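Student: I have a model open and would like to learn how to read it feature by feature. Could you take me through it?

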Amino acid sequence: MKKFLYITYAMLLLSGCSKINEIQFQAYAVGIGIDYKADEYHVVMQFLDFSNVAKTEQGKSDKPSPIWLGVGKGKTVQEAIVEIYHGIQIPVNYDQISLFVFGKSLLEHRLGLTLKALDTNFNIRLTGMVYGTEKPIEKIFTSQVPFNYAFSNARINQPEYMQQQESAIPTTSLQELIFQFNEKTKNILLPSISVNEENIKQNLEKFPVTTFNGAYVLKDEKMKGFLTNKELEGFIRVNNKAIRSPVIITERKNGKADHVQIELLNPKVKRIMNKDQNEVQVGLDIKISAIVRESDHTILAPRIKRQIKEKIRDHVYEAYVNSHKIGGDIYQFEDYMYRFMHDDWLRYQKSGKFPILDKTDIHVKVQPLKSINKINAGIHLPLK
């Protein structure tokens, strides 16, 4: 009898977990947006709707899914989040967060305090991608993804997929941003996103989608300024995370413009730091391959190679100059000196004048140059 009682008691203790929360009775936050206006934090949470993950045989929903947002305000980030709790009705689960969006005002005035608040919040995972924006965060979170795919399929949530077709400014996770923010010599390019209503249409109606439009330059815990995609064109094409970037080479013959569409592939950029007596000379060594995608005329391989090199050199230097004007250093020359040439860095730090990149110190090697045409497109020499 005692044995039976012991077994019954053990079964009661080991019968399973209690207070289980079923998944349908939790609000899954997938994105958090934060801005700072009128001395208050404005927090917007984007929630997963289970109709977003109801799949058909094609792997997507057969109809548009509603987007649920929670909005709160407060003197602290946590107070604004608690205000969202007042109306959400069911417990909030943070396990699926993949996106953080910071407003421009917050980047200018409260980024450091916000990063500390998020870092000390044990509920929030820091692995999601982080962006800045000038647009209202609600507008970002209510943009659409074509073909009724869930918002989690948007490029800003999975930026690595579209890099294969067209490279953009490299993204960073919130965890990486927190690690780098306090490093005084580190330049951070925080991608900026906006809403585009012109490129995609559903029937004849405008279809708002998110798009990259530039980057905020951060250094020494401050925002230095904003640079557009055009102003960062050279950096986007040659940074080590780029995969594929288009460029057009224009040739003029008999007063007529002939165009060659080139794809730049898998660049490798290396900083060059040469010391001559007490002076340090900085440079860039760029290796890149290229493909001739389209040409409306006969081209010569040596000439087109030379033009590609000149184009890359011009754009890389322009991006450097644009960042230097606002106090940025997108190729991280100062950070390299700080880590590997510290005595020289201290000397330049005292004078306040660091070495300047000269255009002639940008070395570009294009190899190989190939054509993907199925037939001979009139190229006179082998593309070596």
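Tutor: The largest nonpolar core has 41 residues, of which I262, I308, I312 and Y331 touch the most other members. Strand β15 gives the largest share of this core, seven residues. Keep in mind that this is a predicted model.

Student: What is the general idea behind looking for such a core?

Tutor: In soluble globular proteins, nonpolar side chains tend to be buried together. Here, a second, separate core of 35 residues includes Y94, F102, L106 and L115.

Student: Which residues does I262 contact, leaving aside its neighbours within four places in sequence?

Tutor: I262 is in contact with S245, P246, V247 and I249, and also with A290, I291, V292 and I308.

Student: Let us turn to sheets. In what order do the four strands of the open sheet lie?

Tutor: The order is β13-β14-β15-β16, with mixed pairing. The edges are held by β13 (244-253) and β16 (362-371); each has a single partner strand, so one side of each is left without a neighbour in the sheet. On average, neighbouring strands are turned by 35° against each other, direction ignored.

Student: How many bridges join β13 to β14?

Tutor: There are 10 bridges, and β13 and β14 (residues 256-276) run antiparallel.

Student: Within α10, is D335 buried or exposed?

Tutor: D335, which is found in α10 (residues 333-340), counts as buried because its relative accessibility is 5%, and the cut-off for buried is under 20%. Its side chain has a polar contact of 2.7 Å with the side chain of T185. Not counting residues up to four places away in sequence, D335 touches T185 and K186.

Student: How should I read the buried residues of a helix?

Tutor: An α-helix has 3.6 residues a turn, so residues three or four places apart point the same way. Now take helix α7 (residues 174-181), in which L174, L177, I178 and F181 are buried. Seen down the axis of α7, these buried residues fall within an arc of 100°, so they line one face of the helix.

Student: What do the buried residues of α7 pack against?

Tutor: They pack against several elements, including β5 (99-103), α4 (111-119), β6 (129-133) and β8 (187-196).

Student: And a strand? How many residues of β2 are buried?

Tutor: In a regular strand the side chains alternate between the two faces of the sheet. As for β2 (residues 40-47), six of its eight residues are buried, which leaves the strand mostly covered. Strand β1 (residues 27-37) pairs with β2 in the antiparallel sense over eight bridges, and I34 has V43 in β2 as its bridge partner. Strand β3 (residues 68-74) also runs antiparallel to β2, joined by seven bridges; there, Q46 has L69 as its bridge partner.

Student: Where is the cis peptide bond?

Tutor: It joins Q367 and P368, with omega at about -5°. P368 lies in strand β16.

Student: How far apart are I326 and V217 in sequence and in space?

Tutor: They are 109 residues apart in sequence and 8.5 Å apart in space, C-alpha to C-alpha. I326 is placed in the loop between α9 and α10 and is partly exposed, with a relative accessible area of 25%. Beyond its neighbours within four places in sequence, I326 is in contact with V217, K224, G225, F226 and L227.

Methods. Residues are numbered from 1 along each chain as its sequence is written. This is a predicted model: local features need pLDDT of at least 70, side-chain atom pairs count only at pLDDT 80 or more; totals for chains, interfaces and linings use all residues. Side-chain values use heavy atoms; hydrogens and water are left out. Helices (H or I, at least four residues) and strands (E, at least two) are DSSP runs, numbered from the N terminus. Buried means under 20% relative accessible area, exposed over 50%, partly exposed in between (1.4 Å probe, protein chains only). A polar contact is a pair of N or O atoms within 3.5 Å; within protein, one must be able to donate a hydrogen and the other to accept it, and residues adjacent in sequence count only if both atoms are side-chain atoms. Contact means heavy atoms within 4.5 Å. Two strands pair if DSSP finds at least two bridges between them. Axes are lines fitted to C-alpha atoms, for helices over the stretch in contact, and angles run from 0 to 180 degrees between N-to-C directions. A nonpolar core is a set of buried Ala, Val, Leu, Ile, Met, Phe, Trp, Tyr and Cys residues joined through side-chain atoms within 4.5 Å. The arc is that of the directions from the helix axis to the C-beta atoms.
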